[in-house]
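Here is a short report on one structure. Please look over the sequence and the 3D view before reading on.

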Amino acid sequence: MDADRLRSVPPFDSLPDDVREKFAVWVGELKVDAGRTLAEQGDFAYELFVIEDGKAEVRQDGQRIAELGPGEFFGEMGVLERAQRSATVVSETPMRLLTLSHWDVKRLERQWPEAVETLRRVIDERRGG
């Protein structure tokens, strides 16, 4: 992934350039059709998804609770710490997503712990923490 492309994608847009470059190596791209389940409530989360294009529905206990669109992300707790998904997320439209796995974050954390700590801080701030 091109680090310059991440410059306009939350939560990577708030990272310093040198930190963003470290993450760029590990970020992947995924294209999905409408109707695909991206995350299932109760499953363990191993991937952060950032919506670059398209919309997704968020359901909790079968009830629609939110819609996500470009610039929004989900799955961050599974990447930063071992956690179960609190909701199901289903693509409403074709989507283009950026992904970052828990395993890649752990590898990055061994090499550059300060980079992962910076990402954690950015995500906490965006979630109001």
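## Terms and model

Buried means under 20% relative accessible area, exposed means over 50%, and partly exposed is in between, using a 1.4 Å probe and protein chains only. Helices (H or I, at least four residues) and strands (E, at least two) are DSSP runs, numbered from the N terminus.

This is a predicted model: local features need pLDDT of at least 70, side-chain atom pairs count only at pLDDT 80 or more, and totals for chains, interfaces and linings use all residues. Residues are numbered from 1 along each chain as its sequence is written, and side-chain values use heavy atoms, with hydrogens and water left out.

## Helix α2 and its surroundings

Start with helix α2, which covers residues 17–24. Val19, Arg20, Lys22, Phe23 and Ala24 are buried there. The buried residues of α2 pack against α1 (3–6), β8 (95–101), α4 and α5.

## Helix packing

Two packed helices are described by the angle between their axes and the distance between the axes. Axes are lines fitted to C-alpha atoms, for helices over the stretch in contact, and angles run from 0 to 180 degrees between N-to-C directions. Angles under 35 degrees count as roughly parallel, over 145 as roughly antiparallel, 65 to 115 as roughly perpendicular and the rest as oblique. Contact means heavy atoms within 4.5 Å. Ala, Val, Leu, Ile, Met, Phe, Trp, Tyr, Cys and Pro count as nonpolar, Asp, Glu, Lys and Arg as charged, and the others, Gly among them, as polar.

Take α2 and α5. They pack at an angle of about 100 degrees, with their axes 10 Å apart. The two helices are therefore roughly perpendicular to each other. On the α2 side, Val19, Lys22 and Phe23 make the contact; they meet Ala115, Val116, Thr118 and Leu119 in α5. These contact residues divide into 5 nonpolar, 1 polar and 1 charged.

Now take α4 (residues 102–111) and α5 (residues 113–126). Their axes come within 5 Å and cross at roughly 125 degrees. α4 and α5 are therefore oblique to each other. From α4 come Val105, Leu108, Glu109, Arg110 and Gln111, and from α5 come Pro113, Val116 and Arg120. This contact holds 4 nonpolar, 1 polar and 3 charged residues.

## Aromatic pairs

How many aromatic pairs does the structure hold? There are 3. Rings of Phe, Tyr and Trp (its six-membered ring) pair if their centres lie within 6.5 Å; planes under 30 degrees apart count as stacked, over 60 as edge-to-face and the rest as tilted.

One of the pairs is Phe12 with Phe23, which is tilted: 6.0 Å centre to centre, 50 degrees between the planes. It links distant parts of the chain, with Phe12 in the loop between α1 and α2 and Phe23 in helix α2, 11 residues apart. Phe12 is buried at a relative accessible area of 1%, and Phe23 is buried at 0%. Phe49 and Phe74 form a stacked pair, 5.0 Å centre to centre with 20 degrees between the planes. Phe49 lies in strand β3 (residues 47–53) and Phe74 in strand β6 (residues 73–74), so the pair ties together parts that are 25 residues apart in sequence. Phe49 and Phe74 are buried.

## Loops and backbone

Most residues other than glycine have a negative phi, and most peptide bonds are trans. The peptide bond from Pro10 to Pro11 is cis, with omega near -5 degrees. Pro11 lies in the loop between α1 and α2. Asp61 is not a glycine, yet has a positive phi of about 50 degrees. Asp61 is found in the loop between β4 (56–60) and β5 (63–68). Its relative accessible area is 64%, so Asp61 is exposed.

Ser14 is also in the loop between α1 and α2. At 40% relative accessibility, Ser14 is partly exposed. Leaving aside its neighbours within four places in sequence, Ser14 is in contact with Val122 and Arg126.
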